Amino acid sequence: MATILVVDDVRTDRELVGRVLSGAGHTPVYAEDGDQAVLRAKEFKPALILLDVVMPGINGFNACRLLKQEDDTKKIPVVLVTSKGTDSDKFWGKKQGADDHLVKPFNPAELLEVVRRYVR
């Protein structure tokens, strides 16, 4: 179906999201931080980026802003997948260019619903 970039500094979280995506027929590719997210997005041209916010180095908000500024990646939908779920976090994410926000913890059905929204 679609290649989806999963960005999270926690390996277990990356693997859990990847299993859900694989089970639905998608191909997950992974990045461990914001720097890798930008590089992998340019390399793989994914249909969607699932981006954690709290990470070492470039955090998800900054990575999102960088992705939305680059010609190669600006049209790729970015969904922030994070424990930061306050209204101000959602507002700040939108301000950085995020297309959506999924709050951890979530169940697989919620994740797949968000993926369906952006991957056709």
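Asp33 caps the N-terminal end of helix 2, with a side-chain oxygen 3.1 Å from the backbone nitrogen of Asp35. Such a polar contact is a pair of N or O atoms within 3.5 Å; within protein, one must be able to donate a hydrogen and the other to accept it, and residues adjacent in sequence count only if both atoms are side-chain atoms. Helices (H or I, at least four residues) and strands (E, at least two) are DSSP runs numbered from the N terminus.

The model is predicted: local features need pLDDT of at least 70, side-chain atom pairs count only at pLDDT 80 or more, and totals for chains, interfaces and linings use all residues. Residues are numbered from 1 along each chain as its sequence is written, and side-chain values use heavy atoms, with hydrogens and water left out.

Let us stay with helix 2. Which residues of helix 2 are buried? In this helix, residues 34-44, they are Gly34, Ala37, Val38 and Ala41. Buried means under 20% relative accessible area, exposed over 50%, and partly exposed in between (1.4 Å probe, protein chains only). Just after helix 2, Lys45 has a positive phi of about 45°.

How do helix 2 and helix 3 pack, and at what angle? Their axes are 9 Å apart, and the angle is about 25°. Axes are lines fitted to C-alpha atoms, for helices over the stretch in contact, and angles run from 0 to 180 degrees between N-to-C directions. Helix 2 is therefore roughly parallel to helix 3, a term for angles under 35 degrees. On the side of helix 2, Gly34, Ala37, Val38 and Ala41 make the contact, and they meet Ala63, Leu66 and Leu67 of helix 3.

Is Asp8 buried or exposed? Asp8 counts as buried because its relative accessibility is 5%. The Asp8 side chain reaches the backbone nitrogen of Val10 at 2.9 Å. Not counting residues up to four places away in sequence, Asp8 touches several residues, including Asp13, Glu32 and Lys104.

Technical notes:
Contact means heavy atoms within 4.5 Å. Angles under 35 degrees count as roughly parallel, over 145 as roughly antiparallel, 65 to 115 as roughly perpendicular and the rest as oblique.
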